[in-house]
Each structure stands twice: as structure tokens, then as C-alpha cells.
Amino acid sequence: MNWEIVMGLEVHLQLATQSKIFSGSSAQFGAAPNEQADAVDLGMPGMLPVLNEQAVRYAVKFGLGIGARIGDRSVFDRKNYFYPDLPKGYQVSQFFSPIVCEGMFEVPLEDGTLFPIRITRAHLEEDAGKSVHDVFQQETGIDLNRAGTPLLEIVTEPDFRSAEQAVAYLKALHSLVTYLGISDGNMSEGSMRCDINVSLREKGSQTLGTRTEIKNVNSFRFVERAIHSEYERQADILESGGTITQETRLYDAEQNVTRSMRSKEVANDYRYFPEPDLLPIVIDSDYIEAVRATLPELPGAKRTRFTSDYGLSDYDAALIVPHHAMADYFEAVVQFCKAPKPAANWILGDLSGALNRNEMGIEESPITPERLAGLIVRIEDGTLSSKLAKQVFDAMWEGEGDTDEIVATRGLKQVSDSAALEAMVDEVIANSPDQVTQYLAADEAKRKKLSGFFVGQVMKASKGQANPQMLNALLLEKLNNQS
Amino acid sequence: MSSEELTQACLKQIDETNEALNAVITVCPEQALESARAADSALAKGESKSLTGIPLLHKDIFCTRGVRTTCGSRMLEQFVPAYDATVVSKMKAEGVVMLGKCNMDEFAMGSSNETSFFGTVKNPWDLSCVPGGSSGGSAAALATGMAPLVTGTDTGGSIRQPASLCGVTGLKPTYGRVSRLGIIAFASSLDQAGPMARTAEDCALALTAMAGMDDGDSTSANLPVPDFHSALNPNLQGLRIGLPREYFNDDLNTDVRARIMAALSELEKAGASLIDIDLPHSHYAIATYYVIAPAEASANLARYDGVRFGYRCEQPSDLEDLYQRSRSEGFGEEVQRRILVGTYALSAGFYDAYFNKAQQVRRVITEDFRRAFEQVDVIAGPSAPGVAFPFGAKQQDPIAMYMEDIYTLAVNLAGLPGLSTPAGLINGMPVGLQLIGKPFDEQTILNAAHRLQIDTDWHSARPNLETIAS
């Protein structure tokens, strides 16, 4: 049978606030266990939460970033369940009235088209701590550093029909939140965690099948593989006439399978009710406009501008824009060299290659935008051939200075002096009578091939520094005049 | 008299009578005397604050840095907080001398002080009777002169009812007037701390010290705090006092009615007028309260799981066992009953019928008061349905016990200020008049109580201390 996969995504996004959502503890990643947990985070008797305004602002930023409606009165609720890393025995979340209401997010696909995803809601909540099972023998350790870290849970409608769409959405979301500066979106450190609701139905059917939820998938690649493997599993069950059990599953990356975690039927009744220790968040239009004024240009608008103003292809724009730092770098280079196409090529080609080899981000690039622009200027004005330019680039990467300095110290300047070139051409022609005879006897098509010999000889003589365009023109002229 | 002498006298009183009364769980004599001496030197230097050198006992629900804070529970028998409640630090800043911590119903759940893990508190007027609850230790200590000033908390009547049963003055401020930070939570939307003292005047002094906006409590009100003490005004000319028909109905005990009416006629003589009013949804208060308060409590008490602090059972076999036994052994019966009731009221399928409905009725009850206060300045009634009752009388019947707070619960649901002031004795046992004010108008009810205390000496009646000590 022909199955259609239907998916909705829930992303838990860790907001990059200075302190936690309800306490003054630092929310930074990586401190020694329990060093970033105060009396509030520990759920000590009598302690009360105080809402971090920065978390609210970040949530509103996100809402505005996807054109969502901002709840004018959102309310925190207590989600009740017992777990050792949940200090209060409840998680403060938003169940009935979320801060970000329905919105629409346009996800760029690889072919440059836009794919609209309906956002159901996004709500603020506090993260739980961590249970540590591998440090103490026979005992579980509890690390509450993460307890109280602000999360924005972003829920979509079941609008995804392929793993590729899901991954494209996550990448676009990652791009958006880094543009907004509200999260580092780092999946491997858990700043962006993804739950995938997966169901299958017969192609053409309008009703949804029974779904499973795959929890906590922590890389783009695993998302894709987890979806494929869950699709196979559900399809096998349905093909053989079975039914899908609604349950939570975990993705095992090593075996590339999903495994049952717990059944929803026996899942906790969370007994949500409004958190009496916090007032409702009332957001007026002044606040929204003040936040809106701080929004940067977002990826969608930037893609449009890069293609229309700089003449970049959709493909190049789609590669550069998602990385905020790369887009900034690109614009800085263009500002200096006024040559967008070569700038894009250099950034996506040699520069990205070198950065990847060295596992560096573009922010750490040893070549500044100004220096890369200087290189492009010297190519554009004919000083450097592309071959020489690559040498200069490598030298620049090694910190040997800017383009002009490297050209000077290494003597890499392209020979564009016609008298000097003419002398070299004359010498090669004079030293190669057989090849000249052969060339003159050949027809037009063959001549083109044979001219390569002479180019090579001159390049050799010039140590690769001959201006190729000038050399070609001069050589043809001289050879054709030999008869 | 120096603060040190006063503190010595209080400590002596505790020493002599606490064995019989069990009003105080923890006494800190050295710490108290040290603060008293510091107070005396401040007084000598003319650097005194509003409460400098005044000995005080805190209800054991207020976290006190370095001093055990039990909340009347086995769960927190060994709990020593690393922080002071805002009320504690504010009163410290005003110069009080903390003598120790008062006994109370476990987690403030009770109206008789019979649910304390640390044993019952005896009513100083009759040792066979309860002192009321949950601030029963505070009321009994105050009534016997263990301290001239005590603190309490009131979630459904826990200051006013024991004040009534022990013959002292107790004030529950408007919800939000006093910070809840560092007060061990029972029902967060209802809990409010307040003072208990011999007089309305002393309550006014203490409230001024306790009250105020606290950045650490999001529900504390961002309003200026008047100097309630210097603003005390005994002139009641033109004061309109509302008498809810629902309180003064046939269910009201005739002796209590007689005492309350006697007190009200004193206020009338002082220039107030008495007006019959309606609070038509009063009879829903108990049911509403006993859904909302346990629901909030079921979550507030979830943190006592044996993992990080508090009581942990011996040798748990697994996580489930750790939770079940730590909580079954650490919490008493009434606390467990309320956790179960609250959990039930919030459960899937029952939320709308119980919790949500209760929230709606709460708004209706609040609206009743709002409308009533369009006609009157103060609402008056009894603080409790009767005088102190013998131990065990209501313990087997939770509903009978819950009825103890029939006149006080609605005030918490509506978040209003209320106080209880002595209105004489019935067969030697005290009765309290309850005065309820408009939101954040503690001043008017303090004024009325103050005038009553000028014109009568009911508040001066004392239990016979000699029978207690012997």
C-alpha cells in the first residue's frame, strides 16, 4: 500500500538568558554539578519564583519573528509529576494560555521554494535538572544546574510530509533563533531538543492515523534517520494488518531504531492548574512594538535582498543566509570589494573549506572580510590570476599579511606588462619551430588544442605569473602571424 | 525596663508554662539575649526603630536562618533554613528580639492545633480545650505572656480563629500586603502572614513593620504602606458596619450572638451605624475553599519527596518506595487527606467539576464582598462559631472541624483584611469579634478594634497563669 507520513514537531528551545527563568542563578552551560542551583532551583521550602523579563522578551521576539499572535494575557501553570530531577514536584509551564499563539513559518527548501508550516503555539517553561546514572555506584546523582533554565516549547501543526521537510524546518528554526539572538540553537548541547509526532495514513486519506512520539532527537541527521526508521516500523505493522500503539518512543542512534519508552495510556495525569505564585503576563501593544523595534533583518527578508540587491542565485543565498555570521561576513566583504558574486564564491568555496578543515566558525576566521575583499579586488583588477589568488589566500590564512603584502613579499604579481609578455612569447615561438609548423598546418579546431603547449611554456617561463587573458590574445596574434 | 529584662521575663514565662501548654517548639535563649543586649545599646544610643527590643515569637512556618523551622511536621523536624523569610528579616530590621518558634498545625492544616507532629497546644483558658489553629501555638503563647508579640499565618482563618479562642487580637492583612517569601507554602493564593498581639495598637505597629512590596514575591502588592500605628484614629463617627444576614442567621450560637451584638453596640455608641447586608454566596465558601486550598497544597507539598531535604524513610528499596514511605511517614493524617483531596480535584475528568468550578465560585464570593462594600466600610461577624472545644471533640469528623472556619474562609477567598478582637467571655472562655475591611484598608478595621479596646476591657482579660504552671 502507499503510505503517507504525517508529522508534527515539538521543539524545546533553551533561551540564552543570563539567568534562569524564575531565579537569579546563572543559566550558562557547563558548570560543575549543582554550582548553578540556588534555593529557588532546589525547591526549598518558602521559596518563590520571580519571572525573568528577558525570557518573556525572547519569547515575544520569537513570536514576532514568525508573525504569530502574542497572547495579551498568558498564564503560567503547574504541571505536576514526581521525578528526582524535578525539585518542586511540578514544572512551571504554560498550558491553558501560552505566550505565543498561532503563527506561520515559511521554511526554505533546497530547491529554493518556500514551504509554509503552521505553528500551533509556543510557550515558556522551566527545564528540569538531570539525573546522573554513571558517576556513583548503585546510586543516582542529581544535577540541578539545568533546573529552571528557560525553555520555549514550539509546537507545530501536523504539516510535515517528509523527513526532508522536518529537517529543513529545524534548520530554518535554528537559523531564525540565532538571528533573533534568543538561543544558540545548539542541538548537541541540548539547547534545541526535538520531539517528533509520527503517524501514517493511506495516501489520499484525510483522517490522521494513530501517532507515536519520538522524544529528544539531538541532531539534524538523527531526526532524518529516526523518521525513516519509524516510517518503516509503522508501515511494516500496518502492511501486516496490525495497529499502531500510541506511545512515546526513543531513537537509538547506534541501532538506528526507535524503542518504546512508555505507553500514553499509563502516562501521568499532569493535573495542570494555574501557578498561584506568579501573576499572568500581560503584554500590551507598546511592549510588542518596543520588542519589534529590536528585531534584526530575518533570514527570509535577507534571502530576498541578497538575490535582488546582490544578484546572488537562490542557491547561493540559501547557503549563505541561514548562518547569520556568514551573511554578515559576506556583506562586509561586498562592502569593501563591490563584487558580490566572487565574494559568495570565495566564501562558499575556499574560505568554507579552510574553516571546515580547521573546525572553525566564520567568526574565528583568520582572514578578515576586509582582507578577503582585498584579494578579490586584486583578481578583479587583473593583478592576480585565480591560480595566484589561491596561493595568496593560503598565505593570508597562515597570517602572512594582506594581499598586497603577500604579492610583494612573494613576488606573485601577475605579469600584465605587454612588452615583457611579448618577449616571452617571442622566445617560446623561436624555440619551438616544430610545434609552430604543426600549429600552422592544423585546422581551426585543432589549433585551439595545440595552442595550449605555447601557453604552458610561457606560464612556465613566467613562473605562473603571466596574465592568462593577455597571454592568450598575444599568443594567437603572434602564431597567426607566423605564416 | 530594658529589653534584656523584658526578654528574660519572657524566657522565664516560656520556661514555666510551656511544658503545660506546648505552645513553643524551639526556644533560642542565647540568641534572644544577645539581640536584647544589642537592642538596649541601640536604645541607649538613641538609634531605636519601631520595634527595637520587643521580644517576639514566630510561628514555625516562617523560615529563620540557622534556626530549625518545622512547620509542625515530622517532614521538616530537622530542617534548618539558610535564609530568613522576608517577614523575619523586616522585623529583625525593626529591632525585634526573636525568642523562638511557635507550635502550629502541621503545614498550617487544622483549626485546633491537634495535627502538629510536636503535640497539641493547650488552651491557656482551659487546658482540656484546643487553642484553635493553625496559629494555635502563637495565640496561646501570646495569651500567657511568653511574648508580647507573635506572628501567624492565615490561609482560612488560622490567625483569627485562634485569636478568638485565646482572647487576643489577630490581624490577617489583605492578600499581597505582606510578602510570602520564606513562608512555607500551604495554599499560595490564600496564605497571608499577620501579627497577633494584646491590642489593635500593637498589631498596627507590627503590621507596619511586616508589610510592603517584595521583589521576591510576585504576588506582593506594589502599594505604599501607611504607618498604621500613627494613623490610628478612634473616631468612628459615620462608620458604616455591615452585618451579613448569612452570618447572623439561626445557625449562630445564641451566646456568641449575644457577645458579638454587645461588641457591636459599643461600636454603635462610638458613632458607627449598623446596616444589614447580604453576602448571598457565603454558604459556598467552605466547599470552595476545600477544593482550592487542598489543590494548591497538593502541588506545594510535592517537593517533600525525601530526595533533597526533609524526612527520608529508612532503606528505600527503589524510587517509588522512597516517595511513598517518605511521604506516608513524614506527613500526618490531615496533611495526607488534603493532598489526596487536592490531587483528586485536579485530576483529569474532575478538574472542571471541582477546581474550575471552585475558581468560578471564588470570583462570585469576591463579587459579593465588593458589592457589599459599596454600602458599608466594615463587615462584622463572629470570628468562630463558638468558644474553644475539648481535645478530640472534632478530630474524628473533618467536616465539623472545617466548620470552625465558616466565618473566616470567605475572607481569604476574597483576599480581604480581617481581624479578630476579644468580645468578652462565655463561661470563662473568650469569644472574638471579626471585622472585615475593604482591600488594603487594614486601617479602618484597626481603628474600629482600637476604639473597642478603648471603650471596653475585654482585650485585657487574661487566663489564670497560676493554674497553668501548677
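Buried here means under 20% relative accessible area, with exposed over 50% and partly exposed in between, using a 1.4 Å probe and protein chains only. Strands and helices are DSSP runs, numbered from the N terminus: E for strands, at least two residues, and H or I for helices, at least four.

A word on the source. This is a predicted model: local features need pLDDT of at least 70, side-chain atom pairs count only at pLDDT 80 or more, and totals for chains, interfaces and linings use all residues. Residues are numbered from 1 along each chain as its sequence is written, chains are lettered from A and ligands numbered from 1 in the order in which they are written, and side-chain values use heavy atoms, leaving out hydrogens and water.

Back to β9(A). In a regular strand, side chains alternate between the two faces of the sheet. Both faces of β9(A) are covered. On one side, P150(A), L152(A), I154(A) and T156(A) are buried; on the other, L151(A), E153(A) and V155(A) are.

What does β9(A) pair with? Strand β1 of chain A, residues 3-14, is one partner: antiparallel, five bridges. V11(A) stands opposite I154(A) there. Strand β6 of chain A, residues 114-126, also pairs antiparallel with β9(A), over seven bridges. In that pairing, L124(A) faces L152(A). Pairing requires at least two DSSP bridges between the strands.

Next, another sheet in chain A. It is open, has three strands, and runs β4-β3-β14 with antiparallel pairing. The edges are β4 (90-93) and β14 (273-274), each pairing on one side only. Strand β3, residues 77-80, is joined to β14(A) by two bridges. D77(A) has P274(A) as its bridge partner in β14(A).

Now the interface. Its size is often given as the accessible area lost when the parts come together. Between chain A and chain B, about 2,700 Å² is buried, 63% of it from carbon and sulfur atoms. That area is computed with a 1.4 Å probe and summed over both parts. Chain A puts in 31 residues and chain B 37. Contact means heavy atoms within 4.5 Å.

How many salt bridges cross from chain A to chain B? The rule finds one. R180(B) and D277(A) make that kind of link through their side chains, 3.0 Å from N to O. The cut-off is a Lys or Arg side-chain nitrogen within 4 Å of an Asp or Glu carboxyl oxygen. β3 and β14 of chain A each supply at least two residues of the side that touches chain B. That side divides into 22 nonpolar, four polar and five charged residues.

Over to chain B. S326(B) sits in helix α9, residues 319-330. Buried or exposed? S326(B) is buried, at 0% relative accessible area. A polar atom of its side chain lies 2.6 Å from the backbone oxygen of L322(B). Beyond four places in sequence, S326(B) has contacts including M75(B), D305(B), Y311(B) and F331(B).

Last, helix α6 of chain B, residues 200-210. Its buried residues include A200(B), C203(B), L207(B) and M210(B). The cover includes α3 (86-93), β5 (169-172) and α14 (442-455) of chain B. After α6(B) comes G212(B), with a positive phi near 130°.

Note on methods: Buried area is the accessible area (1.4 Å probe) that two parts lose on being put together, summed over both. Ala, Val, Leu, Ile, Met, Phe, Trp, Tyr, Cys and Pro count as nonpolar, Asp, Glu, Lys and Arg as charged, and the others, Gly among them, as polar. A polar contact is a pair of N or O atoms within 3.5 Å; within protein, one must be able to donate a hydrogen and the other to accept it, and residues adjacent in sequence count only if both atoms are side-chain atoms.
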